[in-house]
Amino acid sequence: MTTSSRGAAKAPAVLVLEDGRSFRGRAYGAVGETFGEAVFSTGMTGYQETLTDPSYHRQVVVMTAPHVGNTGVNDEDAESQRIWVSGYVVRDPARLPSNWRSRRTLDEELAAQGVVGISGVDTRALTRHLRERGAMRVGIFSGNAIEDEGVLLAKVRQAPEMSGADLSAEVATKEAYVVPAIGTRKFTVAAIDLGIKGMTPHRMAERGIEVHVLPATATLDEVYAAGPDGVFFSNGPGDPSTADHPVSLMRGVLERKTPLFGICFGNQILGRALGFGTYKLKYGHRGINQPVQDRTTGKVEVTAHNHGFAVDAPLDKPSDTEFGRAEVSHVCLNDQVVEGLQLLDRPAFSVQYHPEAAAGPHDAAYLFDRFVSLMEGQRA
């Protein structure tokens, strides 16, 4: 990625997809060029949480909501220490933010962090194109980075693909740290950071859990050095087929029968640990309005998603695995994609979506209570 500072906010910009289709607009954020996988997010709110979610590493996010930036950027809602998206695409950016917590505009924040974006794009047409053709590589070029579109297309096609990408170690913490329990400490959890969001350990801390956040490269000995009552595997970017170390680590946890909970990438890791395959979705699930059914209760939840890969597991019956029987516990009602797994003979479960979603909805927050129940049961 090459960028220059904001100031050329009205500079021309062009978005070029790897299949040759292009969209023209104006620079938004930093000026220069950037590359990534083009994906769309259907959330109407929560753009700050989206931008700072490490799971979006190396992705160019297209916002389907037409108005973006209305509430500016504050100092409280970031899910990590930086913006992780590779690029940002909006239709009609706010001219002036209006919110009592706003400290700066979204345009200013993107520019300050060197994130190249484009505005004035027909995001409805772009989203329909990605739904029909699938997520694909894309480049955004603005200012002096604009050249002949044939040259730009060649650059896009030279960019790395998301399939086969091993990215979790690039976004995870390098040093272990502890998030203390709020109030009385009831449990200790070792959380494997594959791209963890800040709200996740906070949701556990609210329930009296002291969270030891460990690097993606942590060993089994390092996990158990924390004396955990449970082990958590976080969300994160990349292709789960490359995540051999996290899979091996999770298998070690399953062998010890320690209560285990996984979210998003953690769900895919559990799937692989149990012997299931994973595959890339055509255009993925991203946004805060995805309907999921909890098959253990029959309840339908509106949930927050951010994933381009899924677990290939049978929906109609439990499967026999090395660690006992496993079944699909949650399913997406839009397309029947696996949205959760649980073991029937050991204390382990996972979901593909985000029960910690800071921007909402909060229908699935009970899953942290389910994790607590597993640890209580194991202790008893």
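This is a predicted model: local features need pLDDT of at least 70, side-chain atom pairs count only at pLDDT 80 or more; totals for chains, interfaces and linings use all residues.
Helices (H or I, at least four residues) and strands (E, at least two) are DSSP runs, numbered from the N terminus. Residues are numbered from 1 along each chain as its sequence is written, and side-chain values use heavy atoms, with hydrogens and water left out.

**How the spaces are found**
- Rolling a probe the size of a water molecule over the atoms shows where empty space is left.
- On a 1 Å grid over the protein atoms alone, a cavity is a set of points where a 1.4 Å probe fits but cannot get out, and lining residues have an atom within 4 Å of a point.
- Grid points are joined across faces, edges and corners, and a volume is the space filled by probe spheres set on the points.
- The structure holds two cavities of 30 Å³ or more.

**The largest cavity**
- The largest cavity holds about 190 Å³ of space.
- It is lined by 20 residues, and E49, T50, K197, I288 and A304 are the closest to its centre.
- Two or more lining residues come from each of α1 (47-51), β16 (277-294) and β17 (300-312).
- β17 gives the most to this lining, with three residues.
- By class, the lining of the largest cavity has six nonpolar, ten polar and four charged residues (Ala, Val, Leu, Ile, Met, Phe, Trp, Tyr, Cys and Pro count as nonpolar, Asp, Glu, Lys and Arg as charged, and the others, Gly among them, as polar).

**The second largest cavity**
- About 130 Å³ of space lies in the second largest cavity.
- Its lining has 16 residues, of which S55, G236, P237, G238 and G308 are the closest to the centre.
- α9 (265-273) and β17 are the elements that give two or more residues to this lining.
- β17 provides the largest share here, four residues.
- The lining of the second largest cavity divides into six nonpolar, nine polar and one charged residues.

**Positive phi values**
- Most residues other than glycine have a negative phi.
- R58 has a positive phi, near 65°, and sits in the loop between α1 and β5 (59-63).
- K257 also has a positive phi, near 60°, and lies in the loop between α8 (244-255) and β15 (260-263).
- K257 counts as partly exposed because its relative accessibility is 45% (buried means under 20% relative accessible area, exposed over 50%, partly exposed in between, with a 1.4 Å probe and protein chains only).

Technical notes:
On a 1 Å grid over the protein atoms alone, a cavity is a set of points where a 1.4 Å probe fits but cannot get out, and a pocket is an open set with protein on both sides within 12 Å along at least five of seven lines; lining residues have an atom within 4 Å of a point.
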